[in-house]
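Please find below some notes for a colleague who is coming to this model for the first time. They are set out as numbered points, to be read with the structure in view.

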Amino acid sequence: MSDASPSAPITLVLPDGQAIERVRLYERQQLDSGLWMYRIGVPLWQTAAGGGVEPAEYGTWVTAAQLRPLPGVDLGRVPTHPRTGTSAPARWAWLLDGRTHGRPATVHAEGCPNATDRAHPLGTMQALDALARPGTKACTVCDATEALLPILAHGQDDVPTPDD
């Protein structure tokens, strides 16, 4: 994920409240909805070929709620892409690749290079319904996993049990 573009250190706040200081903020982008998203890189370790470990970086997009600025760090050099009045409206479009040759069905984002020519277009609700069926998975190459699986998981811990 590292590249030559300017970046700045920033603090990432994890879902359990822990904070990781000095993750890299690479860019800010405003969506058509007005929401600002921030592309970050989190330093980690990964298994190296042949054994051992080597430094790696996990990249993802987060909202401002997951970030805290570091005192004294200037974020002014980080590339910023505000929404323009000429931006096209945002629309998610999905594709469903059916089961073939023993492979499970897969939901892809429209334009995913891993989708086959046999994939069928779906709306967001249809994609979520497909992912709720056993044996269907979300593609990890495109945005399907990052965008759809959190929606499916949302509220799963909040479902009342018969004892509640």
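**Notes on the predicted model**

1. Buried residues account for 29% of the 164 residues in the chain. The model is a predicted one, and every value in these notes should be read with that in mind. The accessible surface of the chain amounts to about 10900 Å², and 55% of that surface belongs to carbon and sulfur atoms.

2. As to secondary structure, the chain contains 2 helices and 10 strands. Read from the N terminus, the order of the elements is β-β-β-β-β-β-β-β-β-α-β-α. When contacts between residues at least 6 apart in sequence are considered, 52% of them join residues at least 24 apart.

3. The largest pocket deserves attention at this point, and its volume is about 750 Å³. It is lined by 20 residues, and those closest to its centre are Met37, Trp61, Trp92, Asp143 and Ala147. Strand E4, which covers residues 53-63, and helix H2, which covers residues 144-153, each contribute at least two residues to this lining. By class, the lining of the largest pocket comprises 12 nonpolar, 5 polar and 3 charged residues.

4. Which residues does alanine 147 touch, if those up to four places away in sequence are not counted? They are Trp92 and Trp94. Alanine 147 itself sits in helix H2, and it counts as buried because its relative accessibility is 14%, where the limit for that class is under 20%. The C-alpha atoms of alanine 147 and tryptophan 92 are separated by 9.4 Å, although the two residues are 55 residues apart along the chain. Both Trp92 and Ala147 are among the residues closest to the centre of the largest pocket.

5. The second largest pocket holds about 250 Å³ of space. Its lining consists of 13 residues, and Asp97, Arg103, Thr106, His108 and Asn114 are the ones that lie nearest its centre. The classes represented in this lining are 2 nonpolar, 7 polar and 4 charged residues.

6. Histidine 108, one of the residues nearest the centre of the second largest pocket, belongs to strand E8, which spans residues 105-109. Is histidine 108 buried or exposed? With a relative accessible area of 4%, histidine 108 is buried. Once neighbours within four places in sequence are left aside, the contacts of histidine 108 are Ala93, Trp94, Leu95, Asp97, Asn114, Ala115, Cys139, Cys142 and Ala144. Histidine 108 and leucine 148 are separated by 40 residues in sequence, and the distance between their C-alpha atoms is 10.0 Å.

7. Leucine 122 is placed in strand E9, which runs over residues 120-122. Leucine 122 is buried, at a relative accessible area of 15%. Apart from residues up to four places away in sequence, leucine 122 touches Ala93, Trp94, Leu95, Leu96 and Ala127. Of these, alanine 93 is 29 residues away from leucine 122 in sequence, and the C-alpha atoms of the two are 6.5 Å apart in space.

8. A last point concerns the backbone. Most residues other than glycine have a negative phi. Arginine 22, however, has a phi near 70°, which is a positive value in a residue other than glycine. Arginine 22 is found in strand E2, which covers residues 19-30. Arginine 22 counts as exposed because its relative accessible area is 53%, where the class requires over 50%.

Key. Residues numbered from 1 in each chain as written. Predicted model: local features only at pLDDT ≥ 70, side-chain atom pairs only at ≥ 80, totals over all residues. Heavy atoms only, no water. 1 Å grid on protein atoms, 1.4 Å probe; cavity = no way out; pocket = protein on both sides within 12 Å on 5 of 7 lines; lining within 4 Å. Points joined across faces, edges and corners; volume = space filled by probe spheres on them. Helix = DSSP H or I, 4+ residues; strand = E, 2+ residues; numbered from the N terminus. Nonpolar A, V, L, I, M, F, W, Y, C, P; charged D, E, K, R; others polar. Buried < 20%, exposed > 50% of the residue type's maximum accessible area, 1.4 Å probe, protein only. Contact = heavy atoms within 4.5 Å. Areas by Shrake-Rupley, 256 points an atom, 1.4 Å probe, with all protein chains shown as cover.
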